[in-house]
Amino acid sequence: MERKHNPKKSSGKNTKVHMLDMDLREILREHALRYLPAKALLRSRAVCRDWKLQISTPFCAHNQSVSCRSFSGIFVQSPEGSPFFVSLDQMAYGVPDQELMFLPERVNVKASTNGLLCCVNCAYDKVYYVCNPATQQWKKLPKSLVDHGSDPAIALVFEPSVLSFTADFKVICVFASTDIEGSYEFDIYSSDRDSWKVSSEMYFVNSCISKQVRPQRIEFGRSMYFDGVVYWPMSCYKTLSFAMKTQKASEMPGYGYGVEHSNTSSSLHLGTMDGKLCTTSIANQSISVTVIHSRHANTMSAHSSMTKSRRSHVSRLDIEEAKLLGGDRPQVLITWDGIVVFRAGRKVFSHDMKTHETKVLAHGGRNADGSYVVLPYVNSLVALD
């Protein structure tokens, strides 16, 4: 005898399952999408019409820019060529034009923070641009009243805010003072007033100059902005720090100089891990990451030690897993969110200090050798206008 289907008996169960499915879809749409990187989020528009409408709204882009802070890869600037992007995961992170051809002229990338890049044109007049490579939005900065020199040391400061739908950022340039020999000043651009202003703070480099290095030969490496402080490694083997809130400059031990220039794998490089400042080094196939803090983060005396070690994370590199050759000397390029990006031979690798996973990011052709500028990048939809 054929059993008859009773729609009344199954309707209750089906309704509960349907409500559960609806709740899950709503949770994903309203609360999970914001944490996706820009490339993955924009690709998710193909899931359904509701998702496409949701993702296309300025509110969704704003929520993503505030919520997504994950390290997505590195922008690399070659000495004489165009910039390019090396993604940690090609499926998740990416930009439509990694050479930044959407800008009105050819540029060199100088600094990055939270999804924005600061670039300088390649002409003699030194025009600055701040752009978002994920959305291809850009802003040309007005001309400063002071001369920043032929190779300006630039930092970009930006903290996403829930209350602001457009980026409120600052650009800081360290330039040699024309009034006092052996000193440097800080020219600061603020997007809220759309103008430059020279800080009253000055930095005197005599204390860190050896007899072999003259003040006018001081060079600054890649800047790093972290927790309200900008750091520049210097060629005198010390690091210049500038606290944004107090606009006070100071120096600390020479971490990080030579990220773009040194061929030694044992030098220390500033980065971040566990939400704190850290130094990273590679020696004897081992990666060592030591968490530190600077006096800007606490109430230590201005004359006390600039840094203090907290704890060390050590991870052994598997030569076979990392596909390293016997003569390869790994060189740290950058450490961000506990991910160490390093170069060995003609290959670029990433190593997760928590999972101890090593993978190849790029090999052959274009790679970040010792003369390249390497910048951390977050795949964000932050708006510039």
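In this predicted model, E181 sits in the loop that joins β8 (169-176) to β9 (183-190). With a relative accessibility of 68%, E181 counts as exposed, because the threshold for that class is over 50%. Along the chain, E181 and V205 are 24 residues apart, and their C-alpha atoms are separated by 9.5 Å. The next loop to consider lies between β9 and β10 (195-204), and this is the place of D194. The relative accessible area of D194 is 38%, so this residue is classed as partly exposed.

D194 also deserves a look for its backbone. Most residues other than glycine have a negative phi. The phi of D194, by contrast, is positive, near 55°. K126 is another non-glycine residue with a positive phi, here of about 55°. K126 belongs to the loop between β4 (116-121) and β5.

The protein chain has an average pLDDT of 81, and 77% of the residues score at least 70. Among the elements of the chain, the highest mean pLDDT, 97, belongs to strand β5 (residues 128-132), and the lowest, 60, to helix α1 (residues 7-32). Two stretches call for some care. Over residues 210-215 pLDDT stays under 50, and the model has seven contacts beyond four places in sequence for this stretch. Residues 258-266 likewise remain under 50 in pLDDT, and for them the model has 27 contacts beyond four places in sequence.

Turning to the sheet, four strands form an open arrangement in the order β11-β12-β13-β14, with antiparallel pairing. β11 (224-226) and β14 (248-253) are the edge strands, each of which pairs on one side only. On average, and with direction ignored, neighbouring strands of this sheet are turned by 25° against each other.

Within this sheet, β13 (residues 238-243) pairs with β14 in the antiparallel sense over six bridges. Its pairing with strand β12 (residues 229-233) is also antiparallel and runs over five bridges. β13 is mostly covered, as five of its six residues are buried.

Finally, the cysteines were examined. How many disulfides does a search of the whole structure find? The search returns zero. Two cysteines show how the distance criterion decides the matter. For C118, the closest cysteine sulfur is that of C119, at 6.5 Å, which is too far for a bond because a disulfide requires sulfur atoms within 2.5 Å. For C119, the closest cysteine sulfur is in C131, at 4.2 Å, and this separation is also too far for a bond. C118 counts as buried because its relative accessibility is 0%. C119 is buried as well, with a relative accessible area of 0%.

Conventions: Residues are numbered from 1 along each chain as its sequence is written. This is a predicted model: local features need pLDDT of at least 70, side-chain atom pairs count only at pLDDT 80 or more; totals for chains, interfaces and linings use all residues. Side-chain values use heavy atoms; hydrogens and water are left out. Two strands pair if DSSP finds at least two bridges between them. Helices (H or I, at least four residues) and strands (E, at least two) are DSSP runs, numbered from the N terminus. Axes are lines fitted to C-alpha atoms, for helices over the stretch in contact, and angles run from 0 to 180 degrees between N-to-C directions. Buried means under 20% relative accessible area, exposed over 50%, partly exposed in between (1.4 Å probe, protein chains only). pLDDT is the predictor's confidence in each residue, from 0 to 100. Contact means heavy atoms within 4.5 Å.
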